[in-house]
Amino acid sequence: MIKMLHSGWAYITLLVLIFAVVNVVIGLTSKKEFKDKDLRISLFTLIVAHLQLIIGFIAFFVSAQFAYVLDNGMGAAMKEPEIRLIVLEHPLMMILAIAAITVGFSKHKRQTTDNGKFKTIALYYGIALIFVLSRIPWSQWLSF
Ligand code: HEM
Ligand code: HEM
């Protein structure tokens, strides 16, 4: 149940994040004014990501991979690439990605120019997107 929620919410998170990055890159390159719409898209992305963070934490503690660590120890888990991905690499990179989104959103508020706002979000959300893409358990997800 929680696994399906995390898996399904991941589609929304990924799509919304890609949309937010494309939106600010367009705003930046075509020197647009930073409008209310741009704030909403960025804030919505932040909220969707924070929700995925919470769902992810729950999924983590009830996962078979975490149970494996409890039974066999961290050392044994690190030797299994698929278990290491789920208990270490995926959570770590996703937390860093969500932290980047949060920092980017906070920092854009302190920018005084439209260009500065677009630039800040493009940079931090762009890094977040790369982190997310790098450590999604693709083989597991797409076979779902
Ligand atoms: C483990 C759970 C969560 C953590 C650690 C977390 C952490 C944070 C942090 C550090 C900020 C930045 C504050 C700032 O500098 O302005 C923030 C802002 C925010 N978070 Fe979360 N959050 C979590 C869950 C959620 C959830 C579940 C939601 C909504 C459903 C949410 C919605 C927001 C919103 C709306 C903001 C404010 C954006 C603004 O600055 O206007 N967060 N959160
Ligand atoms: C941007 C944030 C995130 C995205 C886009 C994301 C995406 C995904 C996807 C696509 C899967 C595969 C689901 C499937 O098998 O169908 C997955 C699995 C998983 N994720 Fe995340 N995730 C995020 C954040 C997190 C965080 C923060 C944690 C933990 C702290 C976490 C823990 C897990 C766990 C434990 C699984 C394996 C579930 C299982 O197979 O039982 N995720 N995630």
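**Conventions**

The model is predicted, so local features need pLDDT of at least 70 and side-chain atom pairs count only at pLDDT 80 or more, whereas totals for chains, interfaces and linings use all residues. Residues are numbered from 1 along each chain as its sequence is written, chains are lettered from A and ligands numbered from 1 in the order in which they are written, and side-chain values use heavy atoms, with hydrogens and water left out.

**Stop 1: the whole chain**

Display the protein chain as a cartoon. Its secondary structure comes to seven helices and zero strands, in the order α-α-α-α-α-α-α along the sequence. Here helices (H or I, at least four residues) and strands (E, at least two) are DSSP runs, numbered from the N terminus. The C-alpha trace spans about 55 × 25 × 20 Å along its principal axes. Of the 144 residues, 40% are buried; buried means under 20% relative accessible area, exposed over 50%, and partly exposed in between, with a 1.4 Å probe and protein chains only.

**Stop 2: the annotated segments**

Select residues 6-29, 41-63, 83-106 and 118-138, which an unreviewed UniProt entry annotates as "transmembrane region". UniProt positions are given in the numbering used here, feature names are shortened, and such annotations may be inferred rather than shown by experiment. In the model, residues 41-63 are 96% helix and 0% strand, with the end C-alpha atoms 32 Å apart. Residues 118-138 are 86% helix and 0% strand, and their end C-alpha atoms are 30 Å apart.

**Stop 3: the iron atom of ligand 2**

Centre the view on ligand 2. Its iron atom is coordinated by NE2 of His6 and NE2 of His90, at 1.9 to 2.0 Å. Donors are N, O and S atoms within 2.8 Å of the metal (3.2 Å for Na, K and Ca); water is not among the atoms, so sites may look incomplete. The six donor atoms of this iron make angles of 88 to 180°, and the site is octahedral. By the criteria applied, four donors count as tetrahedral if all angles lie between 85 and 135 degrees; four count as square planar and six as octahedral if opposite donors are over 155 degrees apart and all others between 65 and 115; anything else is irregular.

His6 belongs to helix α1 (residues 2-29) and His90 to helix α5 (residues 81-109), so the pair ties together parts that are 84 residues apart in sequence. His6 is buried, at 17% relative accessible area, and His90 is buried as well, at 15%.

**Stop 4: the iron atom of ligand 1**

Move to ligand 1. Its iron atom has a single donor from the protein, ND1 of His50, 2.1 Å away. His50 is found in helix α2.

**Stop 5: the salt bridges**

The whole structure contains four salt bridges, each defined as a side-chain nitrogen of Lys or Arg within 4 Å of a carboxyl oxygen of Asp or Glu.

- Select Lys37 and Asp38: their closest N and O atoms are 3.7 Å apart. Asp38 is buried at 3% relative accessibility, whereas Lys37 is partly exposed at 45%.
- Select Arg84 and Glu89: the closest N and O atoms of this salt bridge are 2.9 Å apart. Arg84 is partly exposed at 27%, and Glu89 is partly exposed at 21%.
- Select Arg135 with Glu89: the closest N and O atoms are 3.3 Å apart. This pair links distant parts of the chain, 46 residues apart, with Arg135 in the loop between α6 (114-134) and α7 (138-142) and Glu89 in helix α5. Shared partners join Arg84, Glu89 and Arg135 into one network.

**Stop 6: the nonpolar patch**

Finally, switch to a surface and select Ile54, Phe57, Ile58, Phe61, Val62 and Ile95, a nonpolar surface patch with about 580 Å² of accessible area together. Patches consist of residues with over 30% relative accessible area and no salt bridge, like charges being joined within 9 Å and nonpolar side chains (Val, Leu, Ile, Met, Phe, Trp, Tyr) within 5 Å. Accessible areas come from the Shrake-Rupley method with a 1.4 Å probe; for residues, only the protein chains shown count as cover. Helix α2 (residues 36-62) supplies the largest share of the patch, five residues. Phe57 lies in this helix and is partly exposed at 41% relative accessibility.
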